[in-house]
Amino acid sequence: MAFSTRSLSGHLRQGSTTSNPNAQSTGQSAALLSRINEKKAELENLKELRELSAAVANEMEALEQKLSTLSDGTEAIATVLNNWHNVLRAINMASAKIPKPSESKETGSNEDTAPLPQTLVRIPTEHAPTLQAQAESLEDPSQTE
């Protein structure tokens, strides 16, 4: 009995090895083909991801340039707004020196004879720091001594 089992097991082994290479090669080739197809799909996805990443990087660089321009423009606007205080103060000082018509003239029937306000004089800004220093020294003589 032991002999028949051995021959049966040997026969099964031989039979399984002879029929199994075809099944295994077919199964392996199908598995390899499916794995190759998965890897090709993964490669395509990676290529698409790389292209999209490059596009996002380009957009971010363009956005950085636009933000830099916006920042420079904002600084210029802030400088102009800071100067408006000085401009308005100069206008106020100049308008305080303008003679105002008396009320007796305004109540008269002829309004055309009322004096016109004086126009403001424009001063070149290239000498503004020097003029400002002179004005400050005149206002506070204790600093120059």
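1. The chain of this predicted model has four helices and zero strands, so that from the N terminus on its elements run α-α-α-α; helices (H or I, at least four residues) and strands (E, at least two) are DSSP runs, numbered from the N terminus. Residues are numbered from 1 along each chain as its sequence is written, side-chain values use heavy atoms, without hydrogens and water, and local features need pLDDT of at least 70, side-chain atom pairs count only at pLDDT 80 or more, while totals for chains, interfaces and linings use all residues.

2. On confidence, the chain averages a pLDDT of 75, and 61% of the residues score at least 70, pLDDT being the predictor's confidence in each residue, from 0 to 100. Over residues 1-18 the pLDDT stays under 50, and for this stretch the model has one contact beyond four places in sequence, where contact means heavy atoms within 4.5 Å. Where pLDDT is low, the predicted coordinates should not be read in detail.

3. The structure holds one salt bridge, in which the side chains of lysine 39 and glutamate 42 meet at 3.7 Å, N to O (a side-chain nitrogen of Lys or Arg within 4 Å of a carboxyl oxygen of Asp or Glu). Lysine 39 and glutamate 42 are separated by about one helical turn, because they are three residues apart in helix H1 (residues 2-97). Lysine 39 is partly exposed, at 44% relative accessible area, and glutamate 42 is partly exposed, at 41%.

4. A nonpolar patch on the surface is formed by Ile77, Val80, Leu81, Trp84, Val87, Leu88 and Ile91, with about 660 Å² of accessible area together. Patches are made of residues with over 30% relative accessible area and no salt bridge, like charges being joined within 9 Å and nonpolar side chains (Val, Leu, Ile, Met, Phe, Trp, Tyr) within 5 Å. Leucine 81 is found in helix H1 and, at 57% relative accessibility, counts as exposed.

Terms used: Buried means under 20% relative accessible area, exposed over 50%, partly exposed in between (1.4 Å probe, protein chains only). Accessible areas come from the Shrake-Rupley method with a 1.4 Å probe; for residues, only the protein chains shown count as cover.
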